[in-house]
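Q: I'm new to this structure and would like a close look at one part of it. Could you walk me through a helix and the aromatic rings on it?

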Amino acid sequence: NTTVYIVAAMLVSPIMGPILGMTLGYRIADWPLFKNSFISEIKMAVTAFLTGLFYGFILGDVGKTYNWPTSAMSPSDSQGFNMVVSIIVSAAAGVVLGVSLTATGGNALVGTAISAGLLPPIVNAGMLIAYAIAYAPKEKKDTFYEMGNYAILFYFSHDVTIIIVANLVFWLKDIDPR
């Protein structure tokens with residue numbers, strides 16, 4: 001729940017490259033590029049999730065002292081609204097991705113925009129599920145599993161939205177296999 005750590009997680013995200021590769025590979029029909037990027041994206045997502053799971057098991061008990069899970073991780077009545085807002089942010093990241101690949105520069109901006117929607121939710125999912133397994137009171141275990149599932153859903157919705165919108169930008173700019 002510290003802004004510095006959340007922003008740092010966004011800036012060091014390894015998720016941008018595979019998304020760039022999948023998006024461009026699909027648009028120009030370079031199927032080996034698409035396949036390799038897709039496999040890399042899965043590896044990155046699994047690594048991020050397992051990292052969250054690992055730290056959730058290690059730091060979960062410490063959370064009792066520091067009121068972990070934080071309010072940023074806790075369930076709210078507005079999960080649906082949060083999902084819509086996050087999809088809008090992901091669509092903006094997709095526009096930035098499409099424009100930056102067809103213009104000079106901008107990759108650092110794209111990496112930050114994409115990471116904002118992808119890395120924190122997938123790591124958060126791992127942490128929440130670890131907490132549910134090891135530390136949550138029995139009556140709250142289902143709530144933490146649900147929160148972890150929402151975080152995974154956020155990740156996938158962001159990923160798909162970014163790729164679809166970036167491809168739409170490529171289509172508007174007449175980028176195709178020919």
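This is a predicted model: local features need pLDDT of at least 70, side-chain atom pairs count only at pLDDT 80 or more; totals for chains, interfaces and linings use all residues.

A: Let's start with Phe34, which is partly exposed, with a relative accessible area of 25%. Phe38 is partly exposed too, at 40%. Both sit in helix H3, and being four residues apart there, they are separated by about one helical turn. Why does that spacing matter? An α-helix has 3.6 residues a turn, so residues three or four places apart point the same way.

Now for the rings themselves. Rings count as a pair if their centres lie within 6.5 Å, and planes under 30 degrees apart count as stacked. By this rule there are seven aromatic pairs. For Phe34 and Phe38, the centres are 6.3 Å apart and the planes are at 10 degrees, so this pair is stacked. Phe34 and Phe38 also belong to one aromatic cluster together with Tyr26 and Trp31.

Some of H3 is tucked away: its buried residues are Ser37, Glu41, Ala45, Ala48, Gly52, Leu53 and Gly56.

One last stop is Leu20, which is found in helix H2, residues 16-27. Leu20 counts as buried, at 14% relative accessibility. From Leu20 to Leu33 is 13 residues in sequence, and their C-alpha atoms are 10.0 Å apart in space.

Methods. Residues are numbered from 1 along each chain as its sequence is written. Side-chain values use heavy atoms; hydrogens and water are left out. Helices (H or I, at least four residues) and strands (E, at least two) are DSSP runs, numbered from the N terminus. Buried means under 20% relative accessible area, exposed over 50%, partly exposed in between (1.4 Å probe, protein chains only). Rings of Phe, Tyr and Trp (its six-membered ring) pair if their centres lie within 6.5 Å; planes under 30 degrees apart count as stacked, over 60 as edge-to-face and the rest as tilted.
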